[in-house]
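Please read this note with the structure open beside you. Take the points in order and find each residue as it comes up.

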Amino acid sequence: MLRLCTARTCSTLIGSSTTKALSSPSPSVSFATRPITNIRAMTTAIKPWPRPMVESHGDYRAEAYLEDHIGGKLYEKQLSLPRLPIPSISDTIARFLPTALPLAKSEEEKDTLIKACEEFESQARELQQRLVERRDGEMKDSSWLQLWWNTLGYLQVRDPVVVNVSYFFQFSDDGSLPQVAPSTKSLGVLRAASLLYSAAGFRQLVASGDLPYEAIGRKEPKTPLCSVAYKYMFNACRVPRKGEDTYKIFDPSMNTHAVVAVNGKFYSFDFVEKETGEALPMEVLEDRLQRCVEMSKSGPPLPMLGYLTSDNRDICAEARQSLLRAGGSKMEEALKVLESGALMICLDENEEPISKKQMSEVVWTGGRNSGHNRWFDKSIQIICTKNGKAGMNGEHSMMDGMPVVNFCDYITKTPYAEVLAKSSSKPSAGGYASAADNVKDIFGDLTTELTSPGSNISTLVDQSRANLDKLVSAHELQVQSFQGYGSSAMKTMGYSPDAYVQMAMQLATYRLWGEQGGTYEATQVRPFLHGRTETTRTVSPASEAFIKTMGLRPKRDEMDPSKRAEKVELLKEAVATHVKYIGLAAKGMGVDRHLLGLLLSAKEGETIPSLFSHPLYARSKTWRVSTSHLTHPRFDSWGYGEVTPEGVGLAYSIHPNHCMFCITALREKGGWPERLSFLLEEALLEMQTLNDLDKQPPSKL
């Protein structure tokens, strides 16, 4: 995300023992893609697909024909997008070395790394040639990286998607909801109906191709971004397989239903017009959602099947096969209904969180009480609690965060009251099937198969539940809502807000650990065809000089003009260095993806360059600080898990007058999130004092 590479997947490839899910959002991205709010209601029909379902094995090229078939504005720039470049070896080594040297444990380690870098060009020359041949040959109509990234970095990773891959957004409260819930429905049902209604509109735009492609840049013509991820957004689901998962995407023209989870049970109902794809009236949606709530309170108890999507991926794959063996064709059809649903609504009627921390825990993992009410393989899960709070949990394998941010921007832009008013112009609910007739219990006909004495499903569920409880209990999360100042003040000081906050995070983590740690900032490279992310490395000689001059604790020497001036100049240099690196990474000229490609180009049994086995090289890409920047005016929090056991996940937002940080880490670390939250506030206030005093006119007294 959006590490928005946001868990433990890609870091398997780029350094740490695990990956970060939120590799989505690009750095210093306040949400500002081309607005779609003025698009009038689209009437373009959704074209039936050539096949009712496509099972992806992680290669974007295999599903590219669907872009041609769907057509429209969304995909009109795909064929003209440039290909992801391959830097020269000399440029990569020149950029890499300064990011690693500050992490050296000794002068000897520095010297041996420098020697390995000097030898690297000759040792890697053949690997570079193979990589160029891959780009210009086998992958000429794609990105040379995407297949490796999607499979080795996601679909083959066996860690649970919970914490390690999935990311979350917490939406701001909807002030237009009734102050008191009606007697017949919770505020969560009302909020869910509103979001579902708006989601239908966005789905229609995507499925018809009428959604304008995203573009970035302040000047015209803007730079178009790759739209490949949108095919995996709706009517999509990751499918656990032994060794390597797949991703199923279903024809949206044939699948007009949403899936709803309540109390660990799963239901489906139509939420759009079959002919036009337009949302059904709010009254209909509310009634059908409430029907799901009522049905969940009755009937025989069933095993909580959602737990079976939260475990190690091979265990999930085995559980899926056990379900199919137990239920046969009926189970196959039930899973198809769930997997083909446009999206999932999770009604957590047992949850009434108040604080950002409480809600973030619910949306991230389900917390201690609601993990059963998820199907973590669904591409999009919208979670609504009883008191009307809402958020989104996203599966990250085939789709990074920014397209999902585009979706969430759309569905949160119009509050409940306005959606209700808009919906009132639709025909009376009397023209639609009743909730009793339309809502279906997905696994309701499988009670006997799931609970028979010979079935092992309950045992599998209990085992996965215990594993999820252990995983969730092993982690802690802290949300820091820093109200001191935000991007407006940072710009007034003359800094890039993103780079400035990155230096605050460097200082805070330095004070937390007593040393600098490898730091990853996700940078999107979607201007390139099938591009996903690149790493911006925050560690540099300039950031090292700044944090070490600031010290392991505040020195309180800001009133000394020479010391203050030195710190300000070092901060300016560190910020400028970071901005330069971001610019290169955004152009596909970072170091981590290139080095990964070279390593993967080596043949089995072949001697690899000595750099790849150097301990300082490994340390420099062990992402102890996994960061990603996403600022959205209607997101209260967002986040993901740490990517290495010795590190933290650090999602952040920089609003005009405040900042938000969501910090995750293993609980056994003794309160790293809480301590880092305090240290971030301390660092930001100290940096503000430096700059404020530096600009004050001298006293005339």
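The points below go through strands, a helix, cavities and some backbone details.

1. Ground rules. This is a predicted model, in which local features need pLDDT of at least 70, side-chain atom pairs count only at pLDDT 80 or more, and totals for chains, interfaces and linings use all residues. Residues are numbered from 1 along each chain as its sequence is written, and side-chain values use heavy atoms, with hydrogens and water left out.

2. Strand E11. Start with residues 390-394, which form strand E11. Helices (H or I, at least four residues) and strands (E, at least two) are DSSP runs, numbered from the N terminus. Because 5 of the 5 residues of E11 are buried, the strand is largely enclosed by the rest of the structure. Buried means under 20% relative accessible area, exposed means over 50%, and partly exposed lies in between (1.4 Å probe, protein chains only). In a regular strand the side chains alternate between the two faces of the sheet. In E11, Ala390, Met392 and Gly394 are on one side, while Gly391 and Asn393 are on the other. Both faces are covered.

3. Partners of E11. Two strands pair if DSSP finds at least two bridges between them. Strand E2 (residues 167-171) runs antiparallel to E11, with 4 bridges. Here Phe169 has Met392 as its bridge partner. Strand E10 (residues 380-385) is also antiparallel to E11, with 5 bridges. Cys384 stands opposite Ala390. The hairpin of E10 and E11 has 4 residues between the strands.

4. Strand E10. What covers the count for this strand? In E10, 6 of its 6 residues are buried. Ile380, Ile382 and Cys384 point one way, and Gln381, Ile383 and Thr385 point the other way. E10 also pairs with strand E9 (residues 344-348), through 5 bridges, and these two run parallel. Asp348 has Thr385 as its bridge partner in E10.

5. Helix H9. Look next at residues 282-296, which make up helix H9. Its 15 residues reach 21 Å from the first C-alpha to the last, close to the 21 Å expected at 1.5 Å a residue. The expected span is 1.5 Å times one less than the number of residues. H9 is largely enclosed by the rest of the structure, because 11 of its 15 residues are buried. Among them are Leu285, Leu289, Val293 and Met295. The buried set also includes Glu286 and Arg288.

6. Largest cavity. A cavity is a set of points on a 1 Å grid over the protein atoms alone where a 1.4 Å probe fits but cannot get out, and lining residues have an atom within 4 Å of a point. The largest one has a volume of about 110 Å³. Volume is the space filled by probe spheres set on the points, with grid points joined across faces, edges and corners. The lining includes Trp49, Tyr75, Lys231, Phe234 and Asn235. By class it has 9 nonpolar, 1 polar and 1 charged residues. Ala, Val, Leu, Ile, Met, Phe, Trp, Tyr, Cys and Pro count as nonpolar, Asp, Glu, Lys and Arg as charged, and the others, Gly among them, as polar.

7. Second largest cavity. Its volume is about 90 Å³. Of the 14 residues that line it, Pro240, Thr309, Arg320, Trp375 and Asp377 are the closest to its centre. Strand E5 (236-239) and helix H10 (313-340) each give two or more residues to this lining. H10 gives the most, with 6 residues. The lining divides into 9 nonpolar, 1 polar and 4 charged residues.

8. Backbone details. Most residues other than glycine have a negative phi, and most peptide bonds are trans. Val163, in helix H7 (residues 161-164), has a positive phi of about 70 degrees. His530 has a positive phi of about 60 degrees and lies in the loop between E14 and strand E15 (533-537). A cis peptide bond joins Glu220 and Pro221, with omega about -5 degrees.

9. Thr523. This residue sits in strand E14 (residues 519-524). Thr523 counts as buried because its relative accessibility is 1%. Its side chain makes a polar contact of 2.6 Å with the side chain of Thr536. A polar contact is a pair of N or O atoms within 3.5 Å; within protein, one must be able to donate a hydrogen and the other to accept it, and residues adjacent in sequence count only if both atoms are side-chain atoms.

Definitions and conventions
On a 1 Å grid over the protein atoms alone, a cavity is a set of points where a 1.4 Å probe fits but cannot get out, and a pocket is an open set with protein on both sides within 12 Å along at least five of seven lines; lining residues have an atom within 4 Å of a point.
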